[in-house]
Amino acid sequence: MAENLATQSRVAAAMGDGTRLRLLKILWNRGETCVCELVEELRGQNVRMTQSNLSFHLNTLKHAGLVADRKIGKWVFYTVSHEAVDAFLDGMRQLFRLEEKSAAPCCDS
């Protein structure tokens, strides 16, 4: 369980930023997307971001296992890992079910 908590914590930390959540949503809806297209999509949402700052956020998501990248020449394409997102959500559901089952009343009524 401790390893699962560490994984859940790492993924939650990666998701704990509004920009990264926005990127996950874009990738979830669009599928594989080039960094340049992500910059344009964010610009359309009135989010100003340099490509290097965007790359930082994408690398954070990648290291958490939430996105994968594919390089073709000088272009990098990103996809969301639906399996990783689903596993995170399932893990959170399981975590809270375990907490509910093990919770004991603090006082006798």
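Modeller: A disulfide is taken here as a pair of cysteine sulfur atoms within 2.5 Å. This is a predicted model, in which local features need pLDDT of at least 70 and side-chain atom pairs count only at pLDDT 80 or more, while totals for chains, interfaces and linings use all residues. Residues are numbered from 1 along each chain as its sequence is written, and side-chain values use heavy atoms, with hydrogens and water left out.

Biologist: How many disulfides does a search of the whole structure find?

Modeller: A disulfide is a covalent bond between the sulfur atoms of two cysteines. When the whole structure is searched, the number of disulfides found is 0.

Biologist: Why is Cys-36 in no bond with Cys-34, and how far away is the closest cysteine sulfur?

Modeller: Cys-34 is in no disulfide, and the nearest cysteine sulfur to its own is that of Cys-36. The sulfur of Cys-36 likewise has its closest cysteine sulfur in Cys-34, but the two are too far apart for a bond, because the separation is 3.2 Å.

Biologist: Is Cys-34 buried or exposed?

Modeller: Buried means under 20% relative accessible area and exposed over 50%, with partly exposed in between, using a 1.4 Å probe and protein chains only. Cys-36, with a relative accessible area of 30%, is partly exposed. Cys-34 has a relative accessible area of 4%, and therefore counts as buried.

Biologist: In what order do the elements of the chain run from the N terminus?

Modeller: Helices (H or I, at least four residues) and strands (E, at least two) are DSSP runs, numbered from the N terminus. The chain holds 5 helices and 3 strands. Read from the N terminus on, their order is α-α-β-α-α-β-β-α.

Biologist: Which loop holds Asn-46?

Modeller: Although Asn-46 is not a glycine, it has a positive phi of about 60°. Asn-46 also counts as exposed, at 67% relative accessibility. Its place is the loop between α3 (35-44) and α4.

Biologist: How far apart in space are Ser-55 and Val-76?

Modeller: Ser-55 lies in helix α4, which spans residues 51-63, and at 24% relative accessibility Ser-55 counts as partly exposed. Ser-55 and Val-76 are 21 residues apart in sequence, and their C-alpha to C-alpha distance in space is 9.9 Å.

Biologist: What share of the contacts in the chain with a separation of 6 or more comes from residues 24 or more positions apart?

Modeller: Contact means heavy atoms within 4.5 Å. Among contacts in the chain with a separation of 6 or more, the share from residues 24 or more positions apart is 53%.
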